[in-house]
Amino acid sequence: MLHLNLKPETEKMFKKILYNYQGNHETLVKNIFEYQISELKKEILNIQLDLRSFEKKYKLSTEEFYKKFTNAELGDDTDYMIWAGIYEMFKRSEKKLEDLSSDQ
């Protein structure tokens, strides 16, 4: 049994969605799941584009950069801080995708 603690306006919207699925809630859940996976894949692709721009600019792979950055072999340049943050975001998104994909 699933219990959701929703605000009244959110509950109203959710009930409309449930009504439109006319009792086929399995399909609703599968669609939500597939949507989440699709959005994560898009997010990862966009992050990869950002990472590639740093790799081209500094002629260094992100993995090599991150290793040097975390070993304090590079300075604390603003670009490095942003690059590291984007890479950490990438790793979190990959982990989320892996977790969701392993449940299928």
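Contact here means heavy atoms within 4.5 Å. The model is predicted, so local features need pLDDT of at least 70 and side-chain atom pairs count only at pLDDT 80 or more, whereas totals for chains, interfaces and linings use all residues. Residues are numbered from 1 along each chain as its sequence is written, and side-chain values use heavy atoms, with hydrogens and water left out.

**View 1. Helix H3 against helix H4.** Helices (H or I, at least four residues) and strands (E, at least two) are DSSP runs numbered from the N terminus. From H3, the residues Thr62, Glu63, Phe65, Tyr66 and Phe69 meet Tyr80, Met81, Trp83, Ala84, Tyr87 and Glu88 of H4. This contact comprises eight nonpolar, one polar and two charged residues. In this scheme Ala, Val, Leu, Ile, Met, Phe, Trp, Tyr, Cys and Pro are nonpolar, Asp, Glu, Lys and Arg are charged, and the others, Gly among them, are polar.

**View 2. Axes of H3 and H4.** Two packed helices are described by the angle between their axes and the distance between the axes. Helix H3 (residues 62–70) packs on H4 at about 115°, and the axes are 10 Å apart. H3 is therefore roughly perpendicular to H4 (65 to 115 degrees; under 35 is roughly parallel, over 145 roughly antiparallel, the rest oblique). Axes are lines fitted to C-alpha atoms, for helices over the stretch in contact, with angles from 0 to 180 degrees between N-to-C directions. H3 and H4 cross in a left-handed sense (the near helix is turned anticlockwise from the far one by less than a right angle; clockwise is right-handed).

**View 3. Helix H2 against helix H4.** The axes of H2 (residues 25–58) and H4 (residues 78–102) come within 9 Å and cross at roughly 150°. The two helices are therefore roughly antiparallel. In their contact, 17 residues are nonpolar, three are polar and eight are charged. H2 passes H4 in a left-handed crossing.

**View 4. Aspartate 99 in H4.** Aspartate 99 lies in helix H4. Its relative accessibility is 35%, so aspartate 99 counts as partly exposed (buried is under 20% relative accessible area, exposed over 50%, partly exposed in between; 1.4 Å probe, protein chains only). Aspartate 99 is 85 residues from phenylalanine 14 in sequence, and their C-alpha atoms are 25 Å apart.

**View 5. Setting of the close-ups.** The protein has four helices and zero strands. Its C-alpha atoms fill a box of roughly 55 × 25 × 25 Å along the principal axes. Of the 104 residues, 19% are buried.
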